[in-house]
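Here is a short report on one protein chain. Look over the sequence and the structure first, then read on.

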Amino acid sequence: MRLLLLAAAISLSACANPHKVRELDDSKLDKKGEIQGAVIGLNENREVVIEQKTEADSELGKLGATAYDLEVRLTRAHEDLSRCREELSDPRLGGSGKIVEIPEIDQLRPSGEVKEEFGITKEGKLSFVRKEMFLDRLQGQRKYNDTLREQLKLMEKHQRDCARDMRAARVKNGLPGERYSGQGKYVNGRYLQTRRAEKNLDDAFAIASEESAKASAGGKTSEE
């Protein structure tokens with residue numbers, strides 16, 4: 001009875017410590033196929049299993065790379081939305097001059113408990129040593145990535161809504177729905193710009209005026 005209780009206590013202790021490395025079930029599958037790097041096969045109970053193995057450092061590295069991509073996309077979407085709402089508030093497009101509040105970006109990076117030690121190494125160098133639990137970093141990174149995805153989804157929705165309103169406001173006030181792009185042509189091997197790209201609403205109305213003047217004078221517009 002004591003042996004059973006001791007075994008149960010050891011088992012519970014192991015389960016209570018998620019950072020303790022345990023042996024993985026490395027039983028072979030009766031391979032039947034593959035999908036996206038994972039193996040499809042039958043286990044010893046004749047159950048169909050999809051198994052995918054990833055090295056620990058590779059898993060954490062991929063999560064970090066994904067986070068970087070999401071951060072770049074989120075920052076770009078935030079900048080585009082800021083510009084859109086700023087221009088949409090312009091009285092020349094029928095705006096009130098008051099910019100609608102932009103959703104904030106919450107990029108709180110994952111941070112687990114880090115233990116720091118300071119001392120001298122065997123080589124005689126003064127050094128800092130910082131340690132944290134691998135699973136804490138992994139789980140924190142996954143949670144951070146999920147947060148970024150939710151923020152990006154929300155930001156892109158606001159961006160699409162603003163772009164739709166912007167197109168309508170531009171057309172209503174004598175501008176094309178999309179921003180003017182730069183145009184040009186090659187003359188004797190050299191590129192000659194015939195229309196600058198629109199950087200702001202001042203450019204947009206100036207270009208529109210120039211295009212209108214060309215049309216009124218009977219000349220060809222730069223789009224022809």
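## A nonpolar patch on the surface

Four residues, Phe118, Ile120, Leu126 and Phe128, form a nonpolar patch on the surface. Together they have about 490 Å² of accessible area. The model behind these values is predicted.

Strand 4 (115-120) and strand 5 (126-131) each supply at least two of the residues of the nonpolar patch. Take Leu126, which lies in strand 5. Is Leu126 buried or exposed? Its relative accessible area is 63%. Exposed means over 50%, so Leu126 counts as exposed.

## The second largest pocket

Rolling a probe the size of a water molecule over the atoms shows where empty space is left. The second largest pocket holds about 210 Å³ of space. Its lining is made up of Asp80, Leu81, Arg83, Cys84, Gln159, Ala163, Met166, Arg167, Arg170, Gly177, Glu178 and Arg179. Helix 2 (56-88) and helix 3 (134-172) are the elements that give two or more residues to this lining.

Which helix gives the most to the lining of the second largest pocket? Helix 3 does, with five residues. By type, the lining residues of this pocket divide into six charged, four nonpolar and two polar.

## The whole chain

The protein chain has four helices and seven strands. Along the sequence, they follow the pattern α-β-β-β-α-β-β-α-β-β-α.

How many of the residues count as buried? The protein chain has 224 residues, and 21% of them count as buried.

Terms used:
Residues are numbered from 1 along each chain as its sequence is written. This is a predicted model: local features need pLDDT of at least 70, side-chain atom pairs count only at pLDDT 80 or more; totals for chains, interfaces and linings use all residues. Side-chain values use heavy atoms; hydrogens and water are left out. Patches are made of residues with over 30% relative accessible area and no salt bridge: like charges are joined within 9 Å, nonpolar side chains (Val, Leu, Ile, Met, Phe, Trp, Tyr) within 5 Å. Accessible areas come from the Shrake-Rupley method with a 1.4 Å probe; for residues, only the protein chains shown count as cover. A salt bridge is a side-chain nitrogen of Lys or Arg within 4 Å of a carboxyl oxygen of Asp or Glu. Buried means under 20% relative accessible area, exposed over 50%, partly exposed in between (1.4 Å probe, protein chains only). On a 1 Å grid over the protein atoms alone, a cavity is a set of points where a 1.4 Å probe fits but cannot get out, and a pocket is an open set with protein on both sides within 12 Å along at least five of seven lines; lining residues have an atom within 4 Å of a point. Grid points are joined across faces, edges and corners, and a volume is the space filled by probe spheres set on the points. Ala, Val, Leu, Ile, Met, Phe, Trp, Tyr, Cys and Pro count as nonpolar, Asp, Glu, Lys and Arg as charged, and the others, Gly among them, as polar.
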